[in-house]
Amino acid sequence: MDGPDEGELVRRVARGDRRAFDELYRRTAPWLEVRLRRRCADPDVVAEVLQDTYLTVWRAAGSFSGARTGSGGGARGSAVGWLWTIAAHRLVDAFRRRARTAQVPPVQLTPSTAPAAEDEVMAARVGQELEQALLVLPPEVRAALRATVLDGLSPREAAVLLGVPENTVKSRVRRARIALREALS
């Protein structure tokens with residue numbers, strides 16, 4: 001690969017280099033969009049999260065460049081990981097905004113299959129029960145579940161994201177699953 005790696009681009013962005021920002025966006029936005037689409041079916045939410053992510057990168061690049069200096073090959077993974085962490089936070093924020101406004105994310109249906117009326121009623125009922133069960137969970141437990149299930153993060157990544165020990169994330173996710181199982185049975 002020619003030119004600076006992503007870590008160097010982020011450090012240049014921190015110094016206000018617009019061309020470095022454009023290059024970082026060109027390299028990472030397609031990959032980031034694919035990852036976000038795997039976690040959210042709504043293209044409007046994905047577009048909003050992408051925009052918020054890169055706005056945050058522009059504003060907060062200095063926090064990355066100050067954390068790592070001259071680390072060579074390891075900076076690329078670190079910069080991309082930093083970018084994904086920002087995007088994951090923004091996606092969680094978007095899901096939280098939806099939950100507050102009681103919007104249900106769109107479900108992609110196969111166009112050739114028309115669901116039976118009974119299936120639609122059951123799906124709505126289960127969705128409402130699940131939503132209510134999630135709202136009863138303590139916020140820290142809900143955050144751990146969202147990080148690992150909705151964001152697809154490992155317990156270790158979720159621990160970094162949430163700022164708690166990995167075993168705390170594991171126990172919170174276990175508590176959430178038990179509570180949800182009881183609420184839905």
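Student: In which helix is the place of glutamate 182?

Tutor: This is a predicted model. The helix that holds glutamate 182 spans residues 166–184. That helix is H8.

Student: Is glutamate 182 buried or exposed?

Tutor: The relative accessible area of glutamate 182 is 57%. A residue counts as exposed when this value is over 50%. Glutamate 182 is therefore exposed.

Student: What distance separates the C-alpha atoms of glutamate 182 and alanine 133?

Tutor: Along the chain, glutamate 182 and alanine 133 are 49 residues apart.

Student: Is arginine 146 buried or exposed?

Tutor: Arginine 146 is part of helix H6. Its relative accessibility is 14%, and the cut-off for a buried residue is under 20%. Arginine 146 therefore counts as buried.

Student: Which residues does arginine 146 touch, not counting residues up to four places away in sequence?

Tutor: Neighbours up to four places away in sequence are set aside here. With those left out, arginine 146 touches Arg96, Ala99 and Asp151.

Student: How is helix H6 placed against H7: oblique or roughly parallel?

Tutor: Helix H6 covers residues 139–150 and helix H7 covers residues 155–162. The two pack with their axes 9 Å apart, at an angle of about 130 degrees. That angle makes H6 oblique to H7.

Student: Is the crossing of H6 and H7 left-handed or right-handed?

Tutor: The crossing describes how H6 passes H7. Its hand is right-handed.

Student: How many residues of the contact of H6 with H7 are nonpolar?

Tutor: From H6, the residues that meet H7 are Ala143, Ala144, Ala147 and Thr148. On the H7 side they are Ala158, Leu161 and Leu162. One residue of the contact is polar and none is charged. The number of nonpolar residues is six.

Student: How many helices does the protein chain have?

Tutor: From the N terminus on, the elements run α-α-α-α-α-α-α-α. There are zero strands. The number of helices is eight.

Student: What share of the contacts with a separation of 6 or more joins residues 24 or more positions apart?

Tutor: The contacts considered are those in the protein chain with a separation of 6 or more. Residues 24 or more positions apart account for 64%.

Student: What percentage of the residues in the protein chain is buried?

Tutor: The protein chain has 185 residues. Its accessible surface comes to about 11,100 Å², and carbon and sulfur atoms hold 53% of that surface. Among the residues, the buried share is 34%.

Conventions
Residues numbered from 1 in each chain as written. Predicted model: local features only at pLDDT ≥ 70, side-chain atom pairs only at ≥ 80, totals over all residues. Heavy atoms only, no water. Axes fitted to C-alpha atoms, helices over the stretch in contact; angles between N-to-C directions. Helix = DSSP H or I, 4+ residues; strand = E, 2+ residues; numbered from the N terminus. Parallel < 35°, antiparallel > 145°, perpendicular 65-115°, else oblique. Left-handed = near helix turned anticlockwise from the far one by under 90°. Contact = heavy atoms within 4.5 Å. Nonpolar A, V, L, I, M, F, W, Y, C, P; charged D, E, K, R; others polar. Buried < 20%, exposed > 50% of the residue type's maximum accessible area, 1.4 Å probe, protein only. Areas by Shrake-Rupley, 256 points an atom, 1.4 Å probe, with all protein chains shown as cover.
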